[in-house]
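Look at the sequence and the structure below.

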Amino acid sequence: MLICKSQKSGERLCSTEDCIPGTGTYLRHGYIFASLAGYVLRKNQGEELLVISVVRETETQLLPDVGAIVTCKVTSINPRFAKVHILYVGSTPLKDRFRGTIRREDVRATEKDKLETYKSFRPGDIVLAKVISLGDVQSNYLLTTAENELGVVVAHSEAGAQMVPISWCEMQCPCTHAKEFRKVARVQPEYLQA
């Protein structure tokens, strides 16, 4: 199965000589057109021609892949690693919940032996990370935050206020002015939304 770029409803996809129409398509004058906006799927179902279908974006299942930047929420921490739930791959929300692990040695690029996990993350933090190894049914995806652009992007203080980054390793509560340690992400302007 091959997933191609998204199409608009009514857009011509291919000739009936090249493909067989599937779901989300219609025929007109020897061509196959998209009957809805979404992603084009091309499947070879044991026939000579590919079956071409269009599915809505919400119907496609995006999976975290090695090298992908993911947004995740920290669920628990211990001295060796932080457990997370992966919420987004890039800017696409996931329908299914995937679990990930950020090991202590994958938090930073330097001074790995001095690192303390609880000084980098806390449960509830929203983190940008990169997938370094795929998971399976029994295990989690392995993630890293060992780049300047990766790390905690949203954290809440004990007072419940959203904290503000003040350095690469600290965030501060705007209400109480209490400082807490975090592995802070240097968010690039293209990831910021107004």
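## Aspartate 106

In this predicted model, Aspartate 106 touches Ile132, Leu143, Thr144, Thr145 and Ala146, leaving aside residues up to four places away in sequence. Aspartate 106 itself lies in the loop between S10 and S11.

Is Aspartate 106 buried or exposed? Its relative accessible area is 12%. Buried means under 20%, so Aspartate 106 counts as buried.

## The nonpolar cores

In soluble globular proteins, nonpolar side chains tend to be buried together. Here, the largest nonpolar core has 26 residues. Those with the most contacts inside this core are Val70, Cys72, Ile86, Ile102, Phe121, Val127 and Leu143. Two or more residues come from each of these elements: strand S8 (69–77), strand S9 (81–89), strand S10 (92–103), strand S11 (126–133) and strand S12 (141–144). The most is given by S9, with four residues.

## Confidence in the model

The chain has a mean pLDDT of 81, and 82% of its residues reach 70 or more. Where in the chain is confidence lowest, and where is it highest? It is lowest in strand S1 (residues 2–7), at a mean of 53, and highest in S8, at 93.

Over residues 190–194, the pLDDT is below 50. Beyond near neighbours in sequence, this stretch has one contact in the model.

Methods. Residues numbered from 1 in each chain as written. Predicted model: local features only at pLDDT ≥ 70, side-chain atom pairs only at ≥ 80, totals over all residues. Heavy atoms only, no water. Core = buried A, V, L, I, M, F, W, Y, C linked by side-chain atoms within 4.5 Å. Buried < 20%, exposed > 50% of the residue type's maximum accessible area, 1.4 Å probe, protein only. Contact = heavy atoms within 4.5 Å. pLDDT = per-residue confidence, 0-100.
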